[in-house]
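Subject: A structure for you to look at

Hello,

Here is the structure I promised to pass on to you. Please open it next to this email, and then read on for what was found in it.

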Amino acid sequence: MTAVVSTGFDFAAYLEASRLRVEGALEASLGPERPESLREAMRYSLLAGGKRLRPILCLAACELAGGDADLAMPTAVALEMIHTMSLIHDDLPAMDNDDLRRGRPTNHKVYGEANAILAGDALLTRAFEMVALRSPGVCAERLLAVVGELSLASGAPGLVGGQVVDLECEGRQVDLDTLEYIHLHKTGALLRACVLSGALIAGASEPLLAALTTYARGIGLAFQIIDDILDVTASSEVLGKTAGKDLTADKTTYPKLLGLEESRRRADALVIEAKEALAPWSAGAGADRAAPLLALADYITSRDR
Ligand code: GRG
């Protein structure tokens, strides 16, 4: 196996600069929604912080494919809107029933269940508006491909399908294949949409899209394994969400099936596989453009929240 390393690249500075760019775009993305109460509930969760990993992955993939990240920003915002919507709905009493998210009370705790559902619905639909109507400078054909990716990631083939199986499996013995199915859909599908949509906006080649699909599978599963590990090892304060939730909800997790050590080993191996997929783009003249995605893959396993 060829070792793919990201050196000479200030990842901390890149991450912070990208995060600030994304925060600015998110702040500007919500127009004069009416009624005001809906706007407030949407803003409350969308602007509550968070790592902004999904929009940053989209921008980084666009740049790897030789595109202008500014053109991908509306799509990056759309991806964060979909993610935020999924968190609002995931926290509802009918789902994971949680009261802490991104370090503050969950949306339904502040605005009530009906408004939280509607704020999520408005964010989801606004996401598609961002791509279809607020993406100047990108041709209709590329935008249509992005809408396709976002649809697949949000619906039954992605978030919704994964969530349904996750809920059905609560309190039941689950095998590794089913656990992988849940995570590839609940978590992996949106991460895949992030990198593919960024690349599609840049007009990426088929081989690069295929490599990014492999990359996304690796980081998607690794992300969720680390999420499971952090649920056991980190505090609610650091995570900004309720720690130990998987145990309370009687969910099957990687640490439960494999133990902490083997889970971490598996996550590390998946990140290596993800980075390997980008090997053809990680050397030579264009190597600088691959550095962010390589470093983001490492960040997935080194993060503490
Ligand atoms: C209605 C279209 C539709 C979908 C809703 C509720 C649901 C279906 C799916 C749940 C998806 C979900 C919440 C998956 C968990 C993904 C995950 C690990 C989230 C945490 O992501 P981080 O750590 O969070 O990136 P921050 O806060 O940093 O953004």
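Let's begin with R102, whose place is in the loop between strand 1 and strand 2 (104-105); helices (H or I, at least four residues) and strands (E, at least two) are DSSP runs, numbered from the N terminus. Before going further, please note that this is a predicted model, in which local features need pLDDT of at least 70 and side-chain atom pairs count only at pLDDT 80 or more, while totals for chains, interfaces and linings use all residues. Residues are numbered from 1 along each chain as its sequence is written, and side-chain values use heavy atoms, with hydrogens and water left out.

Back to R102. Is R102 buried or exposed? At 18% relative accessibility, R102 counts as buried, where buried means under 20% relative accessible area, exposed over 50%, and partly exposed in between (1.4 Å probe, protein chains only). The phi of R102 is positive, about 50°, although R102 is not a glycine.

The ligand

Which of the 20 residues around the ligand come nearest? They are K51, R54, H83, R102 and Q163; a residue is near a molecule or strand if one of its heavy atoms lies within 4 Å of it.

Three of these side chains are worth a look for their polar contacts (a polar contact is a pair of N or O atoms within 3.5 Å; within protein, one must be able to donate a hydrogen and the other to accept it, and residues adjacent in sequence count only if both atoms are side-chain atoms). For K51, a side-chain N or O atom is 2.6 Å from an oxygen atom of the ligand. For R54, the distance from a side-chain N or O atom to a ligand oxygen is 2.7 Å. For H83, a polar side-chain atom lies 2.8 Å from an oxygen atom of the ligand.

On its own, the ligand has 760 Å² of accessible area, and the protein covers 90% of this; accessible areas come from the Shrake-Rupley method with a 1.4 Å probe, and for residues, only the protein chains shown count as cover. The elements giving two or more residues to the shell around the ligand are helix 4 (69-90), helix 8 (159-169), helix 9 (176-201) and helix 10 (206-233). Helix 4 gives the largest share, six residues. Sorted by class, the shell holds six nonpolar, eight polar and six charged residues. In this sorting, Ala, Val, Leu, Ile, Met, Phe, Trp, Tyr, Cys and Pro count as nonpolar, Asp, Glu, Lys and Arg as charged, and the others, Gly among them, as polar.

The nonpolar core

In soluble globular proteins, nonpolar side chains tend to be buried together. Here the largest nonpolar core has 94 residues; such a core is a set of buried Ala, Val, Leu, Ile, Met, Phe, Trp, Tyr and Cys residues joined through side-chain atoms within 4.5 Å. L57, L212, Y215, L293 and L296 have the most contacts inside this core. Helix 10 provides the largest share of the core, 14 residues. Leaving aside its neighbours within four places in sequence, L212 is in contact (heavy atoms within 4.5 Å) with A61, L64, V195, L196, A199, L278 and L293.

Around D90 and N97

D90 is found in helix 4 and is buried, with a relative accessible area of 13%. Apart from neighbours within four places in sequence, D90 is in contact with M95, D96, N97, R101, Q163 and K186. N97 is found in the loop between helix 4 and strand 1 (100-101). N97 is partly exposed, at 46% relative accessible area, and its phi is near 50°, a positive value in a residue other than glycine.

A loop and a helix to compare

S135 lies in the loop between helix 6 (113-133) and helix 7 (140-154), and P136 is in the loop between helix 6 and helix 7 too. S135 counts as buried at 6% relative accessibility, whereas P136 counts as exposed at 64%. Leaving aside neighbours within four places in sequence, S135 is in contact with P74, M130 and L143.

Finally, H185 is found in helix 9. H185 counts as buried, at 17% relative accessibility. Beyond neighbours within four places in sequence, H185 is in contact with P157, G158, L159 and G162.

Enjoy exploring!

Best wishes
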